[in-house]
Amino acid sequence: QSFLSLASRPTTFQDLPEELLIEVLSHYLLTPLEVFFEQEFDAHMRSARYRREELGLVPDYMVLLVCKQWWRLAEPLLYSRLFLVSALDVQTIASFLGRKPSIGTQVHYIRLHGGFGRALVGLSRHTPNVKAVYLSSQEVYNSIDVVEALERALFAFSPSILYIGFMNKSFGSMTDSYLALMSFVQYSDSLVSYLLRSFRQN
């Protein structure tokens with residue numbers, strides 16, 4: 001379009017370069033990393049949901065329905081930070097990323113509150129660019145299969161940062177889970193730092 005044709009009508013989002021649109025959508029859709037990796041993340045999410053319902057607001061992801069361009073630009077953003085709480089979550093996301101490998105390369109941050117079994121290993125095969133992982137260790141069980149799967153998945157994810165959130169009363173008793181985590185911490189070539197974040201059960 002010519003400069004004159006653009007100047008003759010109001011400027012809209014459609015006139016922005018896609019790089020700027022991605023920046024705008026990122027600020028709108030993505031939870032800040034300092035919140036995403038906090039131990040009180042669950043409480044933050046519940047508060048945000050209640051506030052949105054109280055005000056009668058639609059979910060943020062509804063902006064994807066504005067137009068095909070926004071869907072194309074925003075879909076990778078939605079999957080760049082995964083919050084998974086069950087084996088079904090992990091299986092569902094792994095299956096989706098298996099069909100859309102380009103989206104899998106955009107997954108950079110993962111927060112796990114469950115689903116530490118074999119499905120997690122499958123997910124790790126589709127997410128080659130993970131930078132940081134948060135593990136809510138009170139959900140890690142002392143099953144040998146689960147512990148082995150967790151260890152394999154961590155080495156496959158190869159994050160540079162590992163966050164371990166745990167309840168003060170339970171972490172010390174989870175010997176097998178602890179050994180799996182410490183094995184990764186000790187032998188990983190990718191890990192730069194790991195942080196233990198404790199919290200008390202209400």
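**Note on the predicted model**

1. Tyr194 is placed in strand S5, which covers residues 193-199; helices (H or I, at least four residues) and strands (E, at least two) are DSSP runs, numbered from the N terminus. This is a predicted model, in which local features need pLDDT of at least 70 and side-chain atom pairs count only at pLDDT 80 or more, while totals for chains, interfaces and linings use all residues. Residues are numbered from 1 along each chain as its sequence is written, and side-chain values use heavy atoms, with hydrogens and water left out.

2. To stay with Tyr194, this residue is partly exposed, with a relative accessible area of 37%, where buried means under 20% relative accessible area, exposed over 50%, and partly exposed in between (1.4 Å probe, protein chains only). Leaving aside neighbours within four places in sequence, Tyr194 is in contact with Leu162, Ile164, Met182 and Val185, contact meaning heavy atoms within 4.5 Å. The C-alpha atoms of Tyr194 and Ala132 are separated by 9.4 Å, although the two residues are 62 residues apart along the chain.

3. On confidence, the protein averages a pLDDT of 78, and 70% of the residues score at least 70; pLDDT is the predictor's confidence in each residue, from 0 to 100. Among the elements of the protein, helix H1 (residues 3-7) has the lowest mean pLDDT, 54, whereas H7 has the highest, 95, and a reader may wish to keep these two values in mind.

4. As for the overall build, the protein has 10 helices and 5 strands, and 40% of its 202 residues count as buried. Of the contacts with a separation of 6 or more, 75% are between residues 24 or more positions apart. The accessible surface comes to about 11,800 Å², and 56% of this belongs to carbon and sulfur atoms; such areas come from the Shrake-Rupley method with a 1.4 Å probe, and for residues only the protein chains shown count as cover.

5. The largest nonpolar core has 32 residues, and Leu112, Leu120, Leu123, Val133, Leu135 and Leu162 are those with the most contacts inside it. A nonpolar core is a set of buried Ala, Val, Leu, Ile, Met, Phe, Trp, Tyr and Cys residues joined through side-chain atoms within 4.5 Å. At least two residues of this core come from each of several elements, including strand S1 (81-84), helix H6 (87-99), strand S2 (109-112) and helix H8 (118-125), and H9 gives the most, with 6 residues. Apart from this core lies another, of 10 residues, among them Leu29, Val63, Leu73 and Leu77.

6. S1 and S2 pair in the parallel sense over 4 bridges, two strands being paired if DSSP finds at least two bridges between them. In S2, Arg111 is the bridge partner of Phe83.

7. In helix H5 (residues 68-78), where Glu75 has its place, the buried residues are Gln69, Trp70, Leu73, Ala74, Glu75 and Leu77. These buried residues pack against helix H2 (18-29), S1, H6 and H7. Gln69 counts as buried at 17% relative accessibility and touches Gln14, Glu18 and Leu21, not counting residues up to four places away in sequence.

8. Which residue forms a salt bridge with Glu75? The partner is Lys100, with the closest N and O atoms 2.9 Å apart, a salt bridge being a side-chain nitrogen of Lys or Arg within 4 Å of a carboxyl oxygen of Asp or Glu. Because Lys100 lies in the loop between H6 and helix H7 (101-104) and Glu75 in helix H5, the pair ties together parts that are 25 residues apart in sequence. Glu75 is buried at 10% relative accessibility, whereas Lys100 is partly exposed at 29%. By this rule the count comes to 1 salt bridge.

9. Lastly, Ser158 deserves a look in the loop between H9 and S4, for its phi is near 50°, a positive value in a residue other than glycine. Ser158 counts as partly exposed, at 32% relative accessibility.
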